Amino acid sequence: MFRRHLISLAALAICSAWMPAAMAQGKDIKIAHIYSKTGPLEAYGKQTQTGLMMGLDYATGGTMTVGGRKIVVIEKDDQGKPDLGKNLLAAAYGDDKVDIAVGPTASPVALAMLPVAEEYKKILLVEPAVADSITGDKWNKYIFRTGRNSSQDAIANAVAVDKEGVSIVTMAQDSAFGRDGVKAFKDAVKKAKLVHEEYLPPATTDFTAGAQRMIDKLKGQPGRKIIFIIWAGGNPFKIADMDLKRYGIEIATGGNILPAMVAYKQFPGMEGAAYYYFGMPKNPVNDALVASHYQQFKSPPDFFTAGGFSAAMALVTALKKTNGDTNTNKLISTMEGMSFDTPKGKMTFRKEDHQAMQSMYHFKIKVDPAFAWGVPELIREIKPEEMNVPIRNKR
């Protein structure tokens with residue numbers, strides 16, 4: 001009788017030890033995607049969401065499961081407002097009990113969210129907010145980023161315009177994105193002369209006064225004269241209405257979403273560097289994204305669609321390595337230094353600041369009547385190892 005009782009207790013102990021593991025295996029992996037579903041950067045946010053869902057589907061072979069656990073994505077609209085984004089992230093971690101969060105679209109929202117990830121000790125995978133400070137002085141160990149940062153943009157764009165005898169004026173939004181972008185660009189430029197920085201409110205629609213100030217700074221300069229634009233949303237290319245050619249002034253900028261690149265048709269031969277354009281990368285993941293997007297939407301994937309897809313590839317790669325275990329410390333140790341395939345080729349999370357090291361694309365704009373936008377023709381891929389991206393945190 002006593003022996004039978006001991007056997008029963010042993011069996012119960014084994015069951016008790018096994019049950020939490022089994023329950024964890026069967027429990028959904030909850031991911032919150034907090035982004036600009038509405039607001040000034042709505043177009044960017046919606047692309048990211050499309051890419052994220054396509055990427056999760058592709059990376060899991062259509063099963064939406066990893067390690068026997070179903071992936072569930074909870075969407076939240078931060079409207080591009082920092083306080084709202086911060087509250088939504090706290091609610092996602094605290095009330096919805098999500099394992100990981102992805103987003104947001106705008107840099108000021110991301111900066112407001114960073115301390116929340118640290119408070120709840122949960123990962124925030126930043127995609128696509130760009131400001132350097134996100135993985136720089138405002139960073140904490142729970143922050144990873146698949147999106148490019150201001151320095152990667154700046155270093156790649158400097159490849160296109162940083163030449164002897166060139167005078168440059170920067171025009172940027174007066175925001176974390178704009179100011180970090182200009183700071184990084186200034187750090188990257190070694191040969192050209194920077195003669196003025198013009199900051200305008202993010203929602204500017206009338207560029208006349210700003211354009212006049214930039215013309216006044218540039219028109220007397222010898223050699224090649226460039227206005228380099230760092231802008232998100234809106235149409236800063238209205239400054240071309242000021243007849244810049246009369247003063248021999250050119251416009252240069254980075255890549256953008258396809259609707260914004262319709263304006264690039266005015267500037268054949270313009271050079272810059274892009275984060276992504278669907279025709280540039282040659283790899284199986286990009287082929288799958290392009291094919292899937294054409295099938296679903298009868299159009300090519302855009303700038304931020306690739307970013308959302310990359311975020312999904314990073315998450316599933318990490319979760320496969322942990323066999324679906326969402327323990328934060330285990331995920332951090334797995335993701336630090338981790339390489340993963342994306343539509344842009346291989347990315348690697350740098351151990352020091354969790355910034356994804358990635359290729360950028362030096363382009364020249366060609367006008368092709370078959371396309372509604374100015375087509376960025378690839379001059380060359382700028383590989384991660386060619387870019388000395390500064391580590392800006394205090395780790």
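Is Lys-298 buried or exposed, and what is its relative accessible area? Lys-298 is exposed, at 67%; the legends below return to this residue. The model is predicted: local features need pLDDT of at least 70, side-chain atom pairs count only at pLDDT 80 or more, and totals for chains, interfaces and linings use all residues. Residues are numbered from 1 along each chain as its sequence is written, and side-chain values use heavy atoms, with hydrogens and water left out.

**View A. A cis peptide bond joins Gly-103 and Pro-104.** Omega is about -10° here. Pro-104 sits in the loop between strand S4 (100-102) and helix H4 (107-120). Helices (H or I, at least four residues) and strands (E, at least two) are DSSP runs, numbered from the N terminus.

**View B. The bond from Glu-127 to Pro-128 is cis.** Its omega is near 5°. Pro-128 belongs to the loop between strand S5 (123-126) and strand S6 (143-145).

**View C. Met-64 has a positive phi.** The value is near 55°, in a residue other than glycine. The loop between helix H2 (42-59) and strand S2 (65-66) holds Met-64. Met-64 counts as buried, with 16% relative accessibility. Buried means under 20% relative accessible area, exposed over 50%, and partly exposed in between (1.4 Å probe, protein chains only).

**View D. Lys-298 has a positive phi.** Phi is about 60°, although Lys-298 is not a glycine. Lys-298 lies in the loop between helix H8 (284-297) and helix H9 (303-321). Lys-298 counts as exposed because its relative accessible area is 67%.
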